[in-house]
Number of protein chains: 2
Amino acid sequence: MMEVITTISEIRTRITKERKAGKVISLVPTMGYLHRGHQSLIEKARAESDLVVVSIFVNPLQFGPNEDYDRYPRDLERDKVIAEVAGADLIFFPSVNEMYPVKPKTYVEVNELTNQLCGKSRPGHFRGVTTVVSKLFHIIQPDFAYFGLKDAQQVAVIQQMVEDLNMPVTIVPCPIVREEDGLALSSRNVYLTSEERSQATILYQSLQKAKEWIGEGITETKKLKDRIRNFIETQPLARIDYVEILSFPSLEPVTEIHSTSQAIIALAVWFDKTRLIDNLIINQNEV
Amino acid sequence: MMEVITTISEIRTRITKERKAGKVISLVPTMGYLHRGHQSLIEKARAESDLVVVSIFVNPLQFGPNEDYDRYPRDLERDKVIAEVAGADLIFFPSVNEMYPVKPKTYVEVNELTNQLCGKSRPGHFRGVTTVVSKLFHIIQPDFAYFGLKDAQQVAVIQQMVEDLNMPVTIVPCPIVREEDGLALSSRNVYLTSEERSQATILYQSLQKAKEWIGEGITETKKLKDRIRNFIETQPLARIDYVEILSFPSLEPVTEIHSTSQAIIALAVWFDKTRLIDNLIINQNEV
């Protein structure tokens, strides 16, 4: 029977007991409102470890003042069903007061990798992410932690943090899960009106187009970005935040796609107040 | 027989084995050139735990460009003797390349507490300290970590980091160890000429004087600081960096010493190129 634990002291006690019993512990950190993307992370964790912890915490620290913290969807009862079916052993569901009893003075910051893409559009976002993920890693002390590649920059940033700070955890990046028409699953998709939802497939379609263009020999990133922009702009409700092509996971500018090195095509597109992201990793040599 | 381990992978393997055997693990993080102050930390760790690890690492990240990183005293053979006699089980002695194989992008930063005292005089110093201590905590995963109160601000900053980031370690602050004439032990004392060494007792003496003045009812911090400054300046070789009285461990300005709350009198004084620090905690309610 899956448990829900809300306090740090209780989950520490529980985890310590499991660790002493020699169990391999996995963590799937989420902000809840779970979908099939999260489900795939939990299933993978289940297959690879003894104790699967899903954390659900909408972290105020990673939202900007004008972002959607207040309206971010929350539904613990629904999440419990999805997590349990996918194989979670327990849900860690702390309150904001449990995680931040006083205003924190300490932050974990990853430089360079956070200056572009979502880090540029959302100042302070990744500082909030790395700080809360550090806290979760210290509370749960997992052997493995699972993250979806829809947030590819987040995966790169967390991987960098783990390496730089010698955190004793292995990050497992997992493939994007999509709707049948290609839209990447996101808790934020519920914000979309039916018209926006229908036009939102343009993100995936533009990535597929880009793949075709690269196949046809168009490897200059400036040209590819222009084509992607034009393609996305065929949808009247789409407002581009960014279209970028960078090396991956180092997230540095590249002028050409090379067959020997990994690159990422990353998109962020607004539909009214809803910001969607998607990406394609080219010449992917892992995951 | 005490061991010296130089690689992260080797110490991780060793610690994992010890932890599985149920041992309580202590860490005494140092920059080496051990003295009786370090010795007291190691002895306390020995008395309170099963495995005592002393790390020796002169951390370049916590030295400013014009500071004494290059000339900081180093003597592993001497340190081995002192650590072993004090009861250490192993020394972790990594190279700079082992700790920073590439330039790190990730930093742990504690705000507010680092804006005054040594944080103000040595910009970036505490960021270097908290980052390397995070790394050591992740590598060794100690149950307890021992720090000397000579670096009282460091203790406050690390304690704040541990609380804010929920690090699974207990910080044990330990009293200052002094020479017979009151000079606080420091690896940097070897820099002093005999004349400087003789005048350097003014730090301790001024703290003792301050205690007397407080006993006589002088509790206004402005008045106390002026008196301490004047007292220190009686030594011609002493150049004051700071004389401060703050709440402890919150390190906020206080105008009066109150009998019910902890405060710190903190000093930093230059003798030529050598910077010495010392402090007195008033109404100390722990340690």
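In strand S2 of chain B, the residues B:Ile25, B:Leu27 and B:Pro29 point one way whereas B:Ser26, B:Val28 and B:Thr30 point the other way, and all are buried, where buried denotes under 20% relative accessible area, exposed over 50% and partly exposed the range in between, computed with a 1.4 Å probe on protein chains only. The model is a predicted one, in which local features need pLDDT of at least 70 and side-chain atom pairs count only at pLDDT 80 or more, while totals for chains, interfaces and linings use all residues. Residues are numbered from 1 along each chain as its sequence is written, chains are lettered from A and ligands numbered from 1 in the order in which they are written, and side-chain values use heavy atoms, with hydrogens and water left out. Helices (H or I, at least four residues) and strands (E, at least two) are DSSP runs numbered from the N terminus.

Because six of the six residues of S2(B) are buried, this strand is largely enclosed by the rest of the structure. In a regular strand, side chains alternate between the two faces of the sheet. Leaving aside residues up to four places away in sequence, B:Leu27 touches B:Val53, B:Ser55, B:Leu136, B:Phe137, B:Ile140, B:Pro142, B:Phe144, B:Ala145 and B:Tyr146, contact being defined as heavy atoms within 4.5 Å. By contrast, B:Leu27 and B:Glu179, which are 152 residues apart in sequence, are 25 Å apart in space from C-alpha to C-alpha.

S2(B) is joined to S3(B) by six bridges, and the two strands run parallel; B:Thr30 has B:Ile56 as its bridge partner in S3(B). Both strands belong to an open sheet of six strands in chain B, with the order S1-S4-S3-S2-S6-S7 and parallel pairing, two strands being taken as paired if DSSP finds at least two bridges between them. The edge strands of this sheet are S1 (3-5) and S7 (170-174) of chain B, each of which pairs on one side only. Neighbouring strands are turned by 25 degrees against each other on average, direction ignored, where axes are lines fitted to C-alpha atoms, for helices over the stretch in contact, and angles run from 0 to 180 degrees between N-to-C directions. Strand S6 (residues 144-148) of chain B pairs with S7(B) in the parallel sense over five bridges, and B:Phe147 has B:Pro173 as its bridge partner in S7(B).

Helix H1 (residues 8-20) of chain B packs on this sheet, where it touches S1, S2 (25-30), S3 (51-56) and S4 (90-92) of chain B, and its direction makes about 165 degrees with that of S3(B). Helix H6 (residues 125-140) of chain B lies across S2, S3, S4, S6 and S7 of chain B and runs at about 150 degrees to S2(B). H1(B) and H6(B) pack at an angle of about 50 degrees, with their axes 8 Å apart. That angle makes H1(B) oblique to H6(B), given that angles under 35 degrees count as roughly parallel, over 145 as roughly antiparallel, 65 to 115 as roughly perpendicular and the rest as oblique. At this contact, B:Ile8, B:Ile11, B:Arg12, B:Ile15 and B:Arg19 in H1(B) meet B:His138, B:Ile139 and B:Ile140 in H6(B).

A further open sheet in chain B consists of three strands in the order S8-S9-S10, with antiparallel pairing. Strand S8 (238-247) and S10 of chain B stand at the edges with a single partner strand each, so one side of each is left without a neighbour in the sheet. Neighbouring strands of this sheet are turned by 15 degrees against each other on average, direction ignored. Helix H10 (residues 221-232) of chain B packs on the sheet, touching S8 and S9 of chain B, and its direction makes about 160 degrees with that of S8(B).

Nine bridges join strand S9 (residues 263-271) of chain B to S10(B), and these strands run antiparallel; B:Ala263 stands opposite B:Ile282 in S10(B), and B:Ala268 has B:Ile277 as its bridge partner there. S9(B) and S10(B) form a hairpin with two residues between them, and B:Asp272 in the turn has a positive phi of about 55 degrees. Nine of the nine residues of S10(B) (residues 274-282) are buried, so this strand is largely enclosed by the rest of the structure.
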